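Please take a look at the assembly below. A short tour of selected parts follows.

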Amino acid sequence: MPHDPHEHDHAHDHDHDDHAPVTEAEPNGPYQHLANATRELLIEKGYFGPDDIRRMIERIDERSPALGAKIVARAWTDPEFRARLLASGRQAIEDTFDTDVIAADLVVVENTDAIHNVVVCTLCSCYPVFVLGRPPDWYKSYAYRSRVVREPRAVLREFGTQIADDREIRVHDSTADMRYLVVPKRPEGTDGWDEEALAGIVTRDTMVGVAEVPTPA
Amino acid sequence: MSARFSVGEPVTVRAAFPTPPCHIRTPFYIRGKTGKVERICGEFRNPEQLAFGNYAADVIPLYRVRFDQARVWPGYDGNPKDTIEVEIFEHWLEPAPGDR
Amino acid sequence: MSDDPFRQHHDMGGLDRGAISPDSHEIALWEKRIESMVRLLSMRDPPIVTVDEMRRGIEELPPELYDTLSYYERWIASLTNILVEKGVLDADELKARAAADAERSS
């Protein structure tokens, strides 16, 4: 869910997070009551405080595809960084960008004229949250998890992405401790663009591998 | 601990089918398939033990294995060069010496 | 969905579970709270619950529940099952508190 901040984020400015009345926008079913009960009991038993939850929400909210896009733009413009990134993703990012500690190892794979990479987690929904923010719903959907490993071209077509028959598609199933980031192909017509302009055309979906960065109009 | 398999080595995923209670990170579709070690990811605690609260779980090598899609899916109709990569813990792998 | 009795329900790679819907909803506050609770519990040393235990708890949900619950509903179902299993929370205490929460919000 690496979208822009939204209405709930503003509520975090207030002491709103715990023991707050359920707002009209929030669902009100048995699992929400179970979640409220669990949170209250764990706070009472001292496992964490209301502020801890608020701060953790803010920390995760800060994650977004913006960092991923910066990483891609740097890889497109700096061959030395690109080489380090492909060799050891997590190390290269921690050494280069001012970012929070990265929790998991990151494998960075690069799309070329010969190869198109696409990432999935068939068993649950492992996703590189620290560089892309929370995953979108489709990434967690049973349709995507079940099908993309077996018929990647058909699934990509459903995203509007046509991969030429003569390119190899390489599917990455995130089954264990690695997370994956795709460096999309830099489009034609971007010669001389600076990093910021390049980062501006890199979207979340291109870094999961279900889309390609279009040639600018 | 040293890794039993090296990069480029052909390996076959064990065709084992544990039944619950269990927590297996080797997907069903890849069991029994043969591919090649793409990289050694490092050593990690065994999730099959971690999943049951054993935080002192064994630390074991994890591999990235690359498979030809045409050998994974019967009747695969994409590009014959298409591949799939899966992370697999060492105890799920067997040597496949006839598959160089 | 699978015709193989040895395939577990969550292990769906290679099946056909329908058409992709490329949309996504904005994650809600109640979902973020669950996500953060799990993160906080897993970051303690020793952890109260790990991501591996969370996954196992989700995989243990009956298939019909796995398929009907939303993503974070599966998380809270798994979390509470594990916390009760480990004796961190008591099932009756949890039920009573959830009932009180439902009462308050009705």
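## Ground rules

This is a predicted model, in which local features need pLDDT of at least 70, side-chain atom pairs count only at pLDDT 80 or more, and totals for chains, interfaces and linings use all residues. Residues are numbered from 1 along each chain as its sequence is written, chains are lettered from A and ligands numbered from 1 in the order in which they are written, and side-chain values use heavy atoms, with hydrogens and water left out.

## Chain C as a whole

Chain C has 5 helices and 0 strands, where helices (H or I, at least four residues) and strands (E, at least two) are DSSP runs numbered from the N terminus. Its C-alpha trace spans about 40 × 30 × 25 Å along the principal axes. Of the 106 residues in chain C, 52% are buried; buried means under 20% relative accessible area, exposed over 50%, and partly exposed in between, with a 1.4 Å probe and protein chains only.

Contact means heavy atoms within 4.5 Å. Among the contacts in chain C between residues at least 6 apart in sequence, 54% join residues at least 24 apart.

C:Ala98 sits in helix H5 (residues 91-105) of chain C. Is this residue buried or exposed? C:Ala98 is buried, with a relative accessible area of 13%.

Leaving aside residues up to four places away in sequence, C:Ala98 touches A:His33, A:Leu34 and A:Ala37. By C-alpha atoms, C:Ala98 and C:Arg56 are separated by 24 Å, and they lie 42 residues apart along the chain.

## Helix H4 of chain A

Helix H4 of chain A covers residues 65-77, which makes 13 residues. The expected span of a helix is 1.5 Å times one less than its number of residues. For H4 of chain A that gives 18 Å, and the end C-alpha atoms are 18 Å apart, so the two agree.

The buried residues of H4(A) include A:Leu67, A:Ile71, A:Val72 and A:Trp76. Among the elements of chain A that cover the buried residues of H4(A) are helix H5 (79-87), helix H6 (89-96) and strand E4 (178-183).

## Two cis peptide bonds

Most peptide bonds are trans. The bond from B:Pro20 to B:Pro21 is cis, with omega near 5°, and B:Pro21 lies in the loop between strand E1 (10-13) and strand E2 (34-45) of chain B.

A cis peptide bond also joins C:Asp45 and C:Pro46, with omega about -5°. C:Pro46 is in the loop between helix H1 (29-43) and helix H2 (51-59) of chain C.
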